[in-house]
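Please keep the sequence and the model at hand while reading.

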Amino acid sequence: MLDIKLIRENPELVKQGISNKNEKDTVDEILAADKERRELVAKVEELKAKKNKVSQEVGKLKKAGEDASDIIAEMGKVANEVKELDEKLREVEDKLNELLMWVPNLPNKNTPIGKSADDNIETKQWLPEGFNFENDFEKMDHVELGKKLNILDFERGAKISGSGFPVYVGKGATLERALINYMLDLHINEHGFTEILPPFMVNAESMRGTGQLPKMADDMYTCEKDGVYPIPTAEVPITNLHRKEVLEEKDLPINYVGYSACFRREAGSYGKDSKGFLRVHQFNKIEMVKFVKPETSYQELDKLVDYATEILEKLKIPYRILQLCSGDLSFAAAMCFDIETWSPAENKWLEASSCSNFEDFQARRASIRYRKTEDKKLDFLHTLNGSGLATSRLMVSLLENYQTPEGKIIVPEVLQKYTGFKIIG
RNA sequence: GGAGAGAUGGCAGAGUUGGUUGAAUGCACCGGUCUUGAAAACCGGCAAGGAUUCACGUCCUUCCAGGGUUCGAAUCCCUGUCUCUCCGCCA
């Protein structure tokens, strides 16, 4: 969430940021609630001070064996008044908090301003040697390939769970697992990340901490009976590892990488890109999460993008990087780069990764601070995360790019030692 | 699912006949004295959040969380969460 002081002192700046993000502007409501809160606080604290002081005197009087019944009666009234005011204060605070929870993070000043995905900026395109956008034979799409080679079974997935729950079969399952292990190993061994295997369900507080709740409630599955949510991304459990903690500056940056299954309801998106892996309710993802000092967070964001794209280059899969414009930025992000891989059968780019800097937005929500070495003061740190990468869309590109004219799949070289086979079909 | 024990500051650990205890003591940490330097010893400092103030400061809140009793609660009552021990059940 945003610092209430920032809103109080720079309302115009905040309004501009919200507007650039196409979100609802509640700044005036917030300012009114904030003012009301402070007035109430002043009032109630004055009364409490009086109450505390007099109550202490009661103690003294009683010790001295004197009568204090008059004062006690009077303080009874004050206590009631305090109770009423406290209640009112709490209502106002709840309201203020709720309002604040719905305010998005502001785009960083270097995030391009724009309305929609059309205004995103392509910052890089990388194509493997010999790659051509013109297919030299007719490419089967990943659904056909999966069926023909019996490595993906979308129909049975739909039978046992519902549409959007893919089943990987035989070498398809092995390939998926190889991809997961390859990516994890690379980040752990080459990029110095610490592996986390997190819980796949979290409580509501965790969801609020990273900003999924309250805004994205409809996009999440819920287990109401137990008050837990299947995670939409490992970002949630991993970032919340340090919720309500104070970290030492010398321990930063902290770099975690974790595998998780990801669960998304994708409410309201039926019919759009819904074929096969293009939009699913459950998929696998490797997620990188960083806890860093504020002054380094933009360098760290570049690193995340580099780490994610390094994998695609090693896999020899064509990709491009998009810098998201303000209007396409997610709720909690201040800056974000999407990485898209090429699908020759769909003839388009597919989002396989998203690397974001949340600055101190999540850290405030989740109360993740660090103690500075120099002056011992506490401050919110910055959090970032990036998919490195999501396997579903990546698998689409992989299968389609690596298919032979005979409809077989060549396993990318770097994955072969993980799969134990070089070809499917 | 049943029975019991516990949750105090960065850590350890006092405090449960309610009253100047935001909290003893030890350790850690920071500053100083001493020392050629270090150690030891000694002296001093050392929570977070909020309101207010140009500032110094003043005040409020916080002893797992949320309610309650009371003029006043770390201390009493209720509920919840977590940890530990035992029984049952299960992978």
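The sections below treat the domains, the RNA surface, the backbone and the salt bridges in turn.

**Domains and their interface**

The model is predicted. The domain assignment divides chain A into domain 1, residues 4-101, and domain 2, residues 117-424. Between the C-alpha centres of domain 1 and domain 2 the distance is 43 Å. Six residues of domain 1 and eleven residues of domain 2 take part in the contact.

The size of an interface is often given as the accessible area lost when the parts come together. For domain 1 and domain 2 the buried area is about 680 Å², and 47% of this lies on carbon and sulfur atoms. On the side of domain 1, Lys-21, Glu-23 and Met-101 supply 79% of the area buried against domain 2, more than any other three residues.

Polar interactions also join the two domains. Seven residue pairs are in polar contact between domain 1 and domain 2, both residues of each pair having pLDDT 80 or more. The side of domain 1 that touches domain 2 consists of two nonpolar, two polar and two charged residues. One salt bridge is counted between domain 1 and domain 2. Glu-23, already named for its part in the buried area, forms a salt bridge with Lys-215, with 3.1 Å between the closest N and O atoms.

**The surface near the RNA**

RNA strand B is surrounded by 23 residues, and the closest are Glu-45, Asn-52, Ser-55, Arg-90 and Arg-369. Of the atoms of RNA strand B that come within 4 Å of the protein, 75% belong to sugar and phosphate. By residue class, this surface has seven nonpolar, five polar and eleven charged residues.

| Residue | Part of RNA strand B | Distance from a polar side-chain atom |
|---|---|---|
| Arg-37 | sugar or linking oxygen | 3.1 Å |
| Glu-45 | base nitrogen | 3.1 Å |
| Asn-52 | phosphate oxygen | 3.1 Å |

Helix H3 (27-63), helix H4 (69-101) and strand S13 (368-371) are the elements that give two or more residues to the surface near RNA strand B. Helix H3 provides the largest share, with 13 residues.

**Backbone features**

Most residues other than glycine have a negative phi, and most peptide bonds are trans.

The peptide bond between Leu-213 and Pro-214 is cis, with omega about 0°. Pro-214 belongs to the loop that runs between helix H8 (204-210) and strand S6 (228-230). A cis peptide bond also leads from Leu-252 to Pro-253, where omega is near 0°. The location of Pro-253 is the loop between strand S7 (245-248) and strand S8 (254-263).

Asn-150 is not a glycine, yet its phi is positive, at about 55°.

**Salt bridges**

How many salt bridges does a search of the whole structure find? The search finds 25 salt bridges. One pair is Lys-15 and Asp-28, whose closest N and O atoms are 3.1 Å apart. This pair links distant parts of the chain, with Lys-15 in helix H2 (residues 11-20) and Asp-28 in helix H3, 13 residues apart.

Terms used:
Residues are numbered from 1 along each chain as its sequence is written. Chains are lettered from A and ligands numbered from 1 in the order in which they are written. This is a predicted model: local features need pLDDT of at least 70, side-chain atom pairs count only at pLDDT 80 or more; totals for chains, interfaces and linings use all residues. Side-chain values use heavy atoms; hydrogens and water are left out. Domain bounds come from an automatic or database domain assignment. Contact means heavy atoms within 4.5 Å. Buried area is the accessible area (1.4 Å probe) that two parts lose on being put together, summed over both. A salt bridge is a side-chain nitrogen of Lys or Arg within 4 Å of a carboxyl oxygen of Asp or Glu. A polar contact is a pair of N or O atoms within 3.5 Å; within protein, one must be able to donate a hydrogen and the other to accept it, and residues adjacent in sequence count only if both atoms are side-chain atoms. Ala, Val, Leu, Ile, Met, Phe, Trp, Tyr, Cys and Pro count as nonpolar, Asp, Glu, Lys and Arg as charged, and the others, Gly among them, as polar. A residue is near a molecule or strand if one of its heavy atoms lies within 4 Å of it. Helices (H or I, at least four residues) and strands (E, at least two) are DSSP runs, numbered from the N terminus.
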